[in-house]
Amino acid sequence: MSWSGNVLRVNLTKGTCTSEPLNMEWAREYIGQRGLATRYFVEEVDPKVDPLAPENHLIFATGPLTGTMASTGGRYSVITKGPLTGAIACSNSGGFLGAELRSAGWDMVILEGKSVKPVYLNIENDKAELLAADEIWGKSVWETDEILHKKHQDPQLRIAACGRAAETGCLYAAIVNDLHRAAGRSGVGAVMASKNLKALAVRGTKGVGNIKDPARFMQTTAEQKKVLADHAVTGEGLPTFGTQVLMNVINESGALPTRNMRESQFDGAHNISAEQMAEPRKSDGKPNLTRNAACFACTIACGRISTIDKGHFTVENKPQYWGNSGGLEYEAAWALGADTGVDDLDALTYANFICNEDGFDPITFGATVAAAMELFEIGAITTEHTGGVELKFGAAAALTWAAEKVATGEGFGADLALGSKRLCEKYGHPELSMTVKGQEFPAYDPRGIQGMGLAYATSNRGACHLRGYTVASEILGIPEKTDPLETDGKAGLVKAFQDVTAAWDSTGLCLFTSFAWTLDNVAPQLDAACEGEWTSDRLLEAGERIWNLERDFNAKAGFTAADDTLPPRLLEERAKTGPAEGKVAGLAEMLPEYYQERGWTADGQITDETRSRLGLPA
């Protein structure tokens, strides 16, 4: 069966923790994790709810392969209505917490209401209770982790927490587990803090023992692990360089957004690349990169562990940052680096450490700082606002100062904590916010990778690369090569990537396996583990159902086709250099065809025929 069959429902207002059976009809239609939790969410939450109101729910959800021996089967997701966007939010995280939750016997934890006082949820197999969080409220994620491990005297305890940024109202606050893995985007941490919930502490010793066909599952997972090991990306590139392998590749493709997306190439890209992370520093002869790291059951190990030169201006008096911690991944390195014009690798690493320790999304943070730097450049923001700090492009000290201020919500940090959309509106230049549905762009310029422009514009959670990663096809040639500068055929490509990703995110597997696998590799593993017959076609249909369910929630929340757009800069200002020179994002050519591919109306509404075919709720 694979699913545990148990849901833990926590009413924070009443202080109760109760068990209920998993809705297996929904599990068969929506798989698990992203899909299944979204089905629960749309059933129980008014789409018009204020994201920070007690009526909003926060759901921690695993997939049916989470906690199993399937490679990368350690994922979990957090589903809610995001305060940064007002749209459906689903943030995916790795590490070990998801597997621990499955080993404790739970598929999902639904958190509703708001506690009168700060609490944390302690789960030990079947036992779940809300405990006072007085000693950890106001603490960073790292401090919270240390305090709870000491309190419970169990080194195997897995902890997910929100940091000080969430408590002080940062709208892109994350939920961080295992110190440096995060459900990072859309502000799920802010929702957690709004409920006076500081952390989940989970210990499970049951394991996942209800595999449908154990012998076949062992055989097929072993076969698929070999596919990963033999592939150039998952067997060599990601273990060696991590996602940072992309920095120079995307820069050379002319699609690296630079200085608030005014440019599409960064002359300092090599200085913040994976290759540079592995090079010894001139100052102390040691590299930024210490080693790679893996999440639960992962055979890829793309994670980075880094250290910073103790004498660097950012850390000389801050010993908590001298040791090994989660290093830069591509999206963070881009946002903190190219987008702000900063090419100081140690400064970027330090800012990323702060994002981990105090729990906020480095993509939105870096992009918001970039917008603030442009506002400073045109005089809309001055040193009177920043307390004397000059927010200039390329200023490493200004970047690290901004990270410290967002962590505590002090001074101008409170403005930066709003995200770039609200920041730019406040200072009179909304056009300088590089967002879709209020969420900042990740590290791919849609003028240089046209499919990503359509993927950003139509993403249900706002601009996101992990909702339809056409970079795989347009740049890397996976599963087949398409021209990144052409718009023809991109509507079908984007739809396919979006549907596949929705299914993948619902299984409990990491999306990075899709560099080597297709659904034909996933389906046999799911079929051996779970009741019923699971095929690639069934998974693809489930992915389409999930995508449309999210779209339907957003429509009921007030989003329309007018929100399926890109900032004027990307639609009107042509790329200045590189292969995409002279190009703008061709959204107008792609969007009508995309709606047609989706089976929606010309104004982006789900038709009755599509709703009926997919069995969507009314």
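The expected span of a helix is 1.5 Å times one less than its number of residues, where helices (H or I, at least four residues) and strands (E, at least two) are DSSP runs numbered from the N terminus. This is a predicted model, in which local features need pLDDT of at least 70 and side-chain atom pairs count only at pLDDT 80 or more, while totals for chains, interfaces and linings use all residues. Residues are numbered from 1 along each chain as its sequence is written, and side-chain values use heavy atoms, with hydrogens and water left out.

Helix α20 (residues 490-504) has 15 residues and should therefore span 21 Å at 1.5 Å a residue, which agrees with the 21 Å between its end C-alpha atoms. Of these 15 residues, 12 are buried (under 20% relative accessible area, with a 1.4 Å probe and protein chains only), among them Leu 493, Phe 497 and Trp 504. The elements that cover the buried residues of α20 include α2 (33-44), α21 (519-529) and α22 (536-557), contact being heavy atoms within 4.5 Å.

Elsewhere, an open antiparallel sheet is built from 3 strands in the order β13-β14-β15, with β13 (289-293) and β15 (325-326) as its edge strands, each pairing on one side only. Two strands pair if DSSP finds at least two bridges between them; β13 and β14 (residues 303-306) have 4, and Arg 291 stands opposite Ile 305 in β14.

Key
Buried means under 20% relative accessible area, exposed over 50%, partly exposed in between (1.4 Å probe, protein chains only).
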